[in-house]
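Student: Please walk me through this one. I have the sequence and the structure open.

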Amino acid sequence: MKILIVDDEQPARDRLRQILEDEPGYDVVGEAGNGDEALQRAAELKPDVVLLDIRMPGMEGIEAARHLNAMDPAPAVVFTTAYDEYAIDAFEARAIGYVLKPVRRARLTGALEHARRFASSALAEAAAEAHLDARRKHVCAYAHGELKLIPVEEISMFRADQKYVSVDHDNGQDLIDDSLKSLEGEFGDRFVRIHRSALIAVDRIDRLEKNTEGKTRVVLREGSQVDNIELIISRRHVAEVKRRLKES
């Protein structure tokens with residue numbers, strides 16, 4: 001079993017490695033000190049299991065796990081955590097693997113043997129129940145075989161593009177596997193739907209105006225990276241877009 005260890009504290013990584021090196025059948029193929037590094041290392045090393053700390057600087061474990069779960073092939077994830085009984089109860093109820101710190105040998109090997117993929121919805125539910133932040137700060141794209149993390153704050157628009165969603169952001173455009181519906185559910189406080197196939201970042205909207213045909217369109221702020229297309233708002237969404245702009 002190939003294992004990637006992820007923890008921002010070196011002593012914690014050393015402890016996990018020491019336990020696993022003493023047990024047959026486990027091969028520690030690498031380590032990472034934060035969520036961003038974990039995703040890069042997982043893409044390179046293709047581990048079977050990622051031992052993942054929850055609380056880390058930058059991208060925390062919950063968000064990193066959601067990105068790991070979208071990989072192909074997706075590694076199993078076992079969380080290492082010092083969280084209280086509420087978090088543990090939430091994880092147990094949804095069959096999400098975890099090991100309490102300080103890590104004990106029997107518990108660690110048992111969790112690894114039962115490691116399996118989790119449903120992203122189950123993780124989101126568990127995180128909400130345990131008062132952990134499950135909302136991502138990045139979306140994940142794969143371009144030319146490489147993992148690309150796009151900060152949500154740099155995104156101007158999500159557009160449905162056949163079976164994928166196109167992301168217009170400050171550094172260009174990429175395709176992601178997320179559905180527009182799921183993105184709206186997750187990032188609805190930052191984005192507003194202008195028609196059935198597009199979500200626009202509210203803070204990127206400069207103004208609304210009528211075009212020559214009398215339709216309402218969005219004019220983005222200068223510097224927002226979007227193809228030269230006219231962003232027409234469907235009639236059913238005009239009132240909501242105006243309301244969101246007024247509140248922003």
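**Working through the model**

Student: Where is the place of Thr81?

Tutor: Thr81 belongs to strand S4, residues 76-81. Helices (H or I, at least four residues) and strands (E, at least two) are DSSP runs, numbered from the N terminus.

Student: What should I know about the source?

Tutor: This is a predicted model, with residues numbered from 1 along each chain as its sequence is written. Local features need pLDDT of at least 70, side-chain atom pairs count only at pLDDT 80 or more, totals for chains, interfaces and linings use all residues, and side-chain values use heavy atoms, with hydrogens and water left out.

Student: Back to Thr81. Buried or exposed?

Tutor: Thr81 counts as buried because its relative accessibility is 2%. Buried means under 20% relative accessible area, exposed over 50%, and partly exposed in between (1.4 Å probe, protein chains only).

Student: And what does Thr81 touch?

Tutor: Beyond residues up to four places away in sequence, Thr81 touches Ile54, Ile88, Tyr98, Val99, Leu100 and Lys101. Contact means heavy atoms within 4.5 Å. Asp53 is 28 residues from Thr81 along the chain, with 6.0 Å between their C-alpha atoms.

Student: Lys101 is on that list. What is the peptide bond from Lys101 to Pro102 like?

Tutor: That bond, Lys101 to Pro102, is cis, with omega near -5 degrees. Pro102 is in the loop between strand S5 (97-100) and helix H5 (105-113).

Student: Zoom out. How many helices and strands in the protein?

Tutor: Eight helices and 15 strands. The C-alpha atoms fill a box of roughly 75 × 40 × 30 Å along the principal axes.

Student: What share of the residues is buried?

Tutor: Of 248 residues, 48% are buried. Among contacts with a separation of 6 or more, 56% join residues 24 or more positions apart.

Student: What about the surface and charges?

Tutor: The accessible surface is about 13000 Å², and carbon and sulfur atoms own 45% of it. The areas come from the Shrake-Rupley method with a 1.4 Å probe; for residues, only the protein chains shown count as cover. There are 37 positive and 46 negative side chains, with the centres of the two sets 7 Å apart. Lys and Arg count as positive, Asp and Glu as negative; His and the chain ends are not counted. Each charge is placed at NZ of Lys, CZ of Arg, CG of Asp or CD of Glu.

Student: What volume does the largest pocket have?

Tutor: The largest pocket has a volume of about 400 Å³. Its lining has 17 residues, and the closest to its centre are Ala70, Arg136, Cys140, Asp177 and Asp178. Helix H3 (61-69), strand S6 (138-143), strand S10 (172-176) and helix H7 (180-187) each give two or more residues to that lining. On a 1 Å grid over the protein atoms alone, a pocket is an open set of points where a 1.4 Å probe fits, with protein on both sides within 12 Å along at least five of seven lines; lining residues have an atom within 4 Å of a point. Points are joined across faces, edges and corners, and the volume is the space filled by probe spheres set on them.

Student: How many residues of H3 are buried?

Tutor: Nine of nine. They run through Gly61, Ile62, Glu63, Ala64, Ala65, Arg66, His67, Leu68 and Asn69.

Student: New topic. Which residue has positive phi without being glycine?

Tutor: Lys46, with phi near 50 degrees. Lys46 lies in the loop between helix H2 (35-45) and strand S3 (49-53). Lys46 counts as partly exposed because its relative accessibility is 42%.

Student: Last one. Where is Ser166?

Tutor: Ser166 is in strand S9, residues 164-169. Ser166 counts as buried because its relative accessibility is 3%. Neighbours within four places aside, Ser166 contacts Met157, Phe158, Arg159, Asp161, Gln173, Asp174 and Leu175. Ala198, 32 residues away along the chain, has its C-alpha 9.4 Å from that of Ser166.
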